[in-house]
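Try each task before you read its solution.

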Amino acid sequence: MGKTTAGEQQPDLRELAVPAHVAMILDGNGRWAKKRGLPRQMGHKKGCETLEQIIGDAAEIGIRYLTVYAFSTENWRRPEDEVGALMQLFRYYAKRLLKRARENNIRVKMIGERHRFSPDLVEAINMLERETKDNTGMTFIFAVNYGSRDEITRAVRRMVSDCQSGTLSPASITEECVASYLDTAGIPDPDLLIRTSGELRLSNFLLWQLAYAEFYVTDCLWPDFNREELVEAIRHYNKRERRFGGVTAVPNK
């Protein structure tokens with residue numbers, strides 16, 4: 001956590017091990033707007049512009065999987081006008097994301113429960129996944145109407161149903177089996193979690209998957225986040241010794 005101190009030599013990005021999977025909690029849009037005397041919706045709009053840029057930066061740097069927390073199951077509790085504005089932003093940026101994904105060979109995947117969204121937004125999400133499924137570059141995963149407890153609950157329901165139908169034996173349930181029922185099935189666990197705006201909590205994000213991720217928290221509000229901030233997080237990641245519960249450090253990926 002924190003910045004590189006003044007005078008400290010910063011290694012060239014080419015000398016750093018780039019984490020294969022970076023997860024991000026995008027926090028601080030409302031505070032960014034408030035500091036400028038703007039409506040919260042303007043903070044969300046600027047946050048979407050920042051995300052669009054960071055997707056390109058992450059792909060260029062060599063990150064293989066980028067997962068961002070865009071809208072939680074709890075965010076529906078926000079004022080109706082704010083939620084409505086967010087849905088409009090999703091519609092707009094879904095089109096822009098499809099264009100960027102096509103240009104940069106990015107595969108797009110959504111995690112979370114999509115059926116609460118309007119039919120046109122569900123179709124936009126389905127199109128994003130369908131049109132990019134064969135792309136071989138970075139995989140961009142966006143968590144919308146996502147909550148980790150909800151994800152795990154849905155996974156347990158499916159496992160119980162499969163046990164009742166005889167397609168799954170309780171004795172065969174392993175950690176790998178559980179992971180295969182989660183929204184992130186087939187995606188490696190994150191190596192690094194970045195949270196903006198200085199908050200020190202997971203906010204119901206990837207509780208299973210983040211078991212051994214390295215955490216990096218910056219005071220930077222999400223709309224101000226940029227490539228330099230991303231590289232700074234990777235520098236700090238390279239200073240960590242990852243032991244995964246053992247006594248011998250495992251090299252960063």
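**Exercise 1.** Count the helices and strands in the protein chain, then write down their order.

*Solution.* This is a predicted model. Start with the tally: the protein chain has 7 helices and 6 strands. Next, walk along the sequence, and the elements come up as β-α-α-β-α-β-α-β-α-α-β-β-α.

**Exercise 2.** Check the span of helix α2 against its number of residues.

*Solution.* Helix α2 covers residues 40-61, which is 22 residues. At 1.5 Å a residue, taken times one less than the number of residues, α2 should span 32 Å. Its end C-alpha atoms sit 31 Å apart, so the two values agree. Now look just past α2: Gly 62 has a positive phi of about 115 degrees.

**Exercise 3.** Work out what radius of gyration a compact globule of 253 residues would have, and compare the protein chain with it.

*Solution.* The rule is 2.2 Å times the number of residues to the power 0.38. Along the principal axes, the C-alpha atoms fill a box of roughly 65 × 50 × 35 Å.

**Exercise 4.** Tally the charged side chains.

*Solution.* There are 37 positive and 35 negative side chains. The centres of these two sets lie 3 Å apart.

Notes
Residues numbered from 1 in each chain as written. Predicted model: local features only at pLDDT ≥ 70, side-chain atom pairs only at ≥ 80, totals over all residues. Heavy atoms only, no water. Helix = DSSP H or I, 4+ residues; strand = E, 2+ residues; numbered from the N terminus. Lys, Arg positive; Asp, Glu negative; His and termini not counted. Charge placed at Lys NZ, Arg CZ, Asp CG, Glu CD.
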